[in-house]
Amino acid sequence: VWLTVSFLSKQGFNRLNKMELCMSHCSAIRYINMLGENYDKKVIEWLHEDQGLIKLAGDNIDINQSARDQRKDNPGKSHHWFLAMAFKNPVPSSHLPNNNPICNLKDMPLSEFLLNNQEQKKLKEDFCTLILRVLCSHLEFLTPFQKYVAKHIPHEYSAMFQQKGEAVNLGLIFHNENSSEGMLHILEYLHKYVHNYDERVVFGGDQLTEERAAGVQRLRQNGATPQARLSGLLPTAESWHAKMALLFVSTVMHTVCTLVA
């Protein structure tokens, strides 16, 4: 229908629109807005249950838009936006006390900070498993034995992490994180998911995102309220960005060594 309508005259398009064979551009936008009204309903439910259940994350999205009729007054556009996500923490933390210490620090024995014999034994067993994984992955003659190496080291939260994770797409934020003003709008948008200021919500991203977010918070630290200071968010760097950078460097070095050889 859309292909046929594109070749029709204005009168033919209006006639098909009245016959409900297609909808207008305004109607399509209206229905899209209706479908996206409760996009963060699940995140709000998590907040009412326990604010410690959610974690925010995001990264920049760069889109280059080429003009069909490119002129000096109509050049191509480069959009720099920010995509935000919300994740549910599978391990609850609401049962942990946050107001009073467990005991007096002077009364706590030093042995509580050191590994006992049982913990040392468990740590050695875990190290053996990790070393076997590395050896079987990088030594070709040990590859057939990889199936005998434990793929998962069990722990007290293993059952919780086996469940399917929940994530909610919070949509695009049409601001550029490379500027202080853009990052300010991004933090203000995400700060609405902070309801309890006794415990901050983790906001993860790459190292540049963490630095820019912390810089904006330093600029707003003289605010009169926690909302003005944006103090409800805790910027942090995600480890998978470091792994991606390490993989990129190792791939480049392998390619260079291959070309030199």
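What percentage of the 261 residues in the protein chain is buried? Buried residues (under 20% relative accessible area, against over 50% for exposed and in between for partly exposed, with a 1.4 Å probe and protein chains only) make up 22% of the chain. This is a predicted model, in which local features need pLDDT of at least 70 and side-chain atom pairs count only at pLDDT 80 or more, while totals for chains, interfaces and linings use all residues. Residues are numbered from 1 along each chain as its sequence is written, and side-chain values use heavy atoms, with hydrogens and water left out.

**Overall fold and surface**
- The protein chain has 10 helices and 5 strands, taken as DSSP runs numbered from the N terminus (H or I, at least four residues, for helices; E, at least two, for strands).
- Of the contacts (heavy atoms within 4.5 Å) between residues at least 6 apart in sequence, 66% join residues at least 24 apart.
- The accessible surface of the protein chain is about 20,000 Å², and carbon and sulfur atoms account for 58% of that surface; areas come from the Shrake-Rupley method with a 1.4 Å probe, and for residues only the protein chains shown count as cover.

**Leucine 230**
- Leucine 230 sits in the loop between α9 (226-229) and β5 (233-237).
- The phi of leucine 230 is near 55°, which is positive in a residue other than glycine.
- Leucine 230 is buried, at 2% relative accessible area.

**Cysteines**
- The count of disulfides (pairs of cysteine sulfur atoms within 2.5 Å) is 0.
- Cysteine 103 is partly exposed at 36% relative accessible area.
- Cysteine 257 is also partly exposed, with 47% relative accessibility.
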